[in-house]
Amino acid sequence: MESSRKAGRSSRAKQKHDLASLLRKSWYHLRLSVRHPSRVPTWDAILLTAASPEQAQLYTWQLQRAKRMGRIAPSTVTLAVPDPDGHRIGSGAATLNAIHALALHYRNHFVPDLHSQVASTNGSGSGAGDGDGDDVAMAELMAKKHILLLHAGGDSKRVPWANPMGKVFLPLPYLAGDDPDGPVPLLFDHILAIASCARQAFGSEGGMLTMTGDVLPCFDASTMTLPQDTSCIITVPITLDVASNHGVIVAAKTKNNTQNYAVSLVDNLLQKPSVEELVKSKAVLADGRTLLDTGIIAVRGKAWSELVTLSCSSQQMISELIKIKKEMSLYEDLVAAWVPAKHEWLRKRPLGEELVNKLGKQKMFSYCDYDLLFLHFGTSNEVLEHLSGVGSELVGRRHLCSIPATTAADITASAVILSSKIAPGVSIGEDSLIYDSSISGGIQIGSLCIVVGVNIALDDHLSTEDSIKFMLPDRHCLWEVPLVGSGERVLVFCGLHDNPKSSLSRDGTFCGKPWKKVLHDLGIQESDLWESSSTDEKCLWNSKIFPILPYSQMLNVALWLMGLAKPKTEHMLSSLWRSSSRISLEELHRSIDFSTMCIGSSNHQADLAAGIAKACISYGMLGRNLSQLCEEILQNEGSGVEICMDFLGMCPKVQEQNSNILPKSRAYQVQVDLLRACNDEVTACKLEPKVWAAVADETASAVRYGFKEHLSESPGSLSCLEYQNNHHDGHTHEPFHRRMVKVELPVRVDFVGGWSDTPPWSIERAGCVLNMAISLEGSAPIGTVIETTETTGVLITDDVNNKLHIEDYKSISAPFDGDDPFRLVKSALLVTGIIHDNILVDMGMKIKTWANVPRGSGLGTSSILAAAVVKALLQIIDGDDSTENVARLVLVLEQLMGTGGGWQDQIGGLYPGIKCTSSFPGIPLRLQVIPLLASPQLVSKLQQRLLVVFTGQVRLAHKVLQKVVIRYLRRDNLLVSSIKRLVELAKIGREALMNCDIDELGEIMLEAWRLHQELDPYCSNECVDRLFSFASPYCSGYKLVGAGGGGFALLLAKDADQAMELRQRLQDNKDLNAKIYNWQIFL
């Protein structure tokens, strides 16, 4: 066990270092579960506890925002549940209350007569009005649900500036740079990402995951192991000094340990224990640490069913708590019911006897994750530490903001500026956080400051002799709060390290100075701040220190309270403060106008998005994701649509001015998105064909310069008979010589890099693909035979005996009908110039094609068949049939057919063996094919370990392709970064194969498969997921080939023996409908 823990500790450093990879994987999982919940199960409901109905209203707005932004699936029920009538009932009672509220929601919105259903099922004759029957019915329904519960109803006293928004919704711009046009990531969003991975640990068994709103537990929750029918608390080893401020778990010794985690029965629970208590309770581990209670509790099976039953009948218990003015804690009281050693103590607590009786049959386990990184946001200082400490490299320091040039303001590089407008003449110090604010010139903000929700516009309010109009000293927090009912706003401030709970007599501070010094320096009395009749301890939380005044006066008084006022103004400001109405943090907490705050924040962010979008359009390159920016702009219900219409009117001029450098496909897509933002769906649909026509046109220009002019023309040309009639006099026909050409090609399987070969990406950015040519069942499965005939006309035959005879060559013109089975050959006749150059006037052709692989295989069949036909046609007419020329022509052909597609398929089939191919944008597009001289050892290992399997699922690439291309044309940053990573992985994969490192290739395949699902979640389906889940224990990597959606899969086994066992098990399993093909590298 100890060796396992040491190994866990050594891996922990790697995990903490690789926080970016962990969070990206969690976000990938979250997005996939939202986009495709039938494949990746998501939560049935997400609950937030709130301190008051007003705070619940704010949380509801935030939950709606999360759904709109794609953080929560549309099918997930979301509820913000306040403590009853604003009475504080504790986190344990709030848990019961939230579960009960969800049960009522289900009863009222989905199953109105639950009791009747249960009665009919059980044969009961009791009436529908029987309260006990309703509780049973609700409990049975709820026991099957998967619930995420976040406790977010605290006062946030240690992070007072987060009080208005709720600490769980404070900004946390980790990975913000991955999506620079998206909303600022919040702590809540990252918690959702981690929790989405935890959902799969529950499987189909109902249950609940409870988390706290001020902790981001960074760990791979997808690997979490939860015992059945119990509760399980997630723990991590920590040092004893940290444990003294948190809950601690005493776990029994167990043999269920691995390198990364241990599952143990919980023997005892300790709250903020001293070292002596830890030693006495045997809570100290062999390495001198102890187990931290992370606040994450999973309840499933029987334990969940019993908790639901208790919750559905909990309202009388909660009323009793309110009556006796007591609270029930989740982490002390409710959880203690599952720990027998705590039962005696619990029975003496309010309602403890009932908790033991109702829940005490089940036990609690500890799941200790050695690699978990515990990020606590309990104080303002901790928030800044997490932005400059272990996660600093992940932080987007400028996000959706408007800032002046470096010569017009003094803003340090380490400052974090989010959703804010900064005017010229502003100074912002190191490591400060500015969020959701507008700051005018002449403002100085020191280092390690936090400014939130502030709108300082002083140009019209203050006139001073100095250029500096307001100064926030180092290590201070500043925020604004709108007051309900009055329309007024209060400016609030304190020191970064002030603890509002620390009393006047116990080292309490204000703006970093002891209270006694504050009172002395300002010349004020305790009675000015605290009522003498109050029995509460005097502290910042309840001090009436913040004046309600006109904005400019509040700023001046703030300077005085912070000790920064000029001596000549001190008396005047003191008098102004004394005569003003004043309010405390405690009173503010109950007086926030949440509606005004939400509307103001939405309009502020909409204005920022509009400014960014206008700059993007005005300056011509359209490099931002305007579709995403428009979503924010439209949150301004008053003027959002009008702003988008103005942008739409600017587009023609922008397109005209930048026609030489701005791709038409991009310009048209911007107009389509703006039309949809303006609710003009009809015009948007009419414009969409121009997008695809522009993509085809741009591809043709890049692939073969000057060729586009006659790509889609029918023979300028005439029919055969017309040509002969017009050229009969004096024309000598060449004697006919029969020619026949046969071309057979292998299929290709791609390891990584797909999508980077696809226009318009490949004609604008560099691409790289690692793939391999293979034969199936002993032969090259794709081919064509073309022979010339003395009679004119073209006869086309395919492998399913479809036939077409073409006499009138004018009928061969683009665009082609999507259902035309002969459009591939017709397009080949066009791109080779045979039709345009009237080559078939004196002769005809018979063209036979075949592809001995299942339809929709994903093996590049269509492109490789096109390559075979193009190559054969060029050989017939003595054209340039070089591999590179054929590859380029097929790229044009794919656009002409309307299927899109890139260059990797034809490269994969035309060039033998394994190759790493790079493309470089330009006119013409340049391809560099680098063959890998595979060693006998590499060939042998691949042949032994790689299974090529047909999934039984037919796929059509262009449906997936169109979605991906649209996202690229929109400049979807998540898509762009994903394809960039695929390009990088292709180069890494090349090195792995050259080093014969098959295991690393497997890891690359797995990451590539995750990225493909990021690009489009519908590239997989439930059948494919079942296949991969079945194969996963045997494999080091797997993925679908091509664009995905079905077709063939690659399964890379861990070794030759595992490959043989997997092959046998797949052959024996008829439910998967998978067929294994024998293959060889085509050399």
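Modeller: Gladly, and please keep in mind that this is a predicted model. One place to begin is E744, which counts as partly exposed because its relative accessibility is 42%.

Biologist: Where does E744 lie?

Modeller: Leaving out residues up to four places away in sequence, E744 touches A780, I782, G783 and W850. Its C-alpha atom is separated by 59 Å from that of L387, 357 residues apart along the chain. As for its own element, E744 lies in strand β29, residues 740–745.

Biologist: Thank you! Stepping back, what radius of gyration does the protein chain have, and why does it agree with a compact globule?

Modeller: The C-alpha trace spans about 120 × 75 × 60 Å along its principal axes. A compact globule with 1083 residues would have a radius of gyration near 31 Å, and the value for the protein chain agrees with that: 34 Å.

Biologist: What share of the residues in the protein chain is buried?

Modeller: The chain has 37 helices and 42 strands. Among contacts with a separation of 6 or more, 71% are between residues 24 or more positions apart. Of the 1083 residues, the buried share is 59%.

Biologist: How far apart do the centres of the positive and negative side chains lie?

Modeller: The protein chain has 105 positive and 120 negative side chains. The centres of these two sets are separated by 4 Å.

Biologist: Let us look at T917. Is T917 buried or exposed?

Modeller: T917 has its place in strand β36, residues 914–920. Leaving aside neighbours within four places in sequence, T917 is in contact with G767, C768, V769, W903, I907, Q928 and V929. Its relative accessibility is 0%, so T917 counts as buried.

Biologist: Why is strand β38 largely enclosed, and how many of its five residues are buried?

Modeller: Both faces of β38 are covered: L946, V948 and F950 are buried on one side, and L947 and V949 on the other. Strand β38, residues 946–950, is largely enclosed by the rest of the structure because the number of its five residues that are buried is five.

Biologist: In β41, which residue is the bridge partner of V948?

Modeller: β38 pairs with strand β40 (residues 1048–1053) in the antiparallel sense over five bridges, and in β40 the partner of V948 is L1050. Three bridges join β38 to strand β41 (residues 1075–1077), and these two also run antiparallel. In β41, the bridge partner of V948 is Y1077.

Biologist: Which strands are at the edges of the open sheet of six strands?

Modeller: The sheet has the order β12-β14-β17-β20-β23-β24, with mixed pairing. Within it, β14 (residues 416–418) and β17 (residues 433–435) pair in the parallel sense over three bridges, with V416 partnered by L433. Two strands of the sheet pair on one side only, and these edge strands are β12 and β24.

Biologist: What is the omega of the cis peptide bond from A814 to P815?

Modeller: Most peptide bonds are trans. A cis bond joins P759 and P760, with omega about 5°, and P760 lies in the loop between β30 and α27. P815 lies in the loop between β34 and α28. For the cis bond from A814 to P815, omega is near 0°.

Biologist: One more: what is the phi of N1073?

Modeller: Most residues other than glycine have a negative phi. K272, in the loop between β8 and α9, has a positive phi near 45°. N1073 lies in the loop between α37 and β41 and counts as exposed because its relative accessibility is 52%. Its phi is also positive, near 60°.

Key: Residues numbered from 1 in each chain as written. Predicted model: local features only at pLDDT ≥ 70, side-chain atom pairs only at ≥ 80, totals over all residues. Heavy atoms only, no water. Helix = DSSP H or I, 4+ residues; strand = E, 2+ residues; numbered from the N terminus. Rg over C-alpha atoms; globule rule 2.2 N^0.38 Å. Buried < 20%, exposed > 50% of the residue type's maximum accessible area, 1.4 Å probe, protein only. Contact = heavy atoms within 4.5 Å. Lys, Arg positive; Asp, Glu negative; His and termini not counted. Charge placed at Lys NZ, Arg CZ, Asp CG, Glu CD. Pairing = 2+ DSSP bridges.
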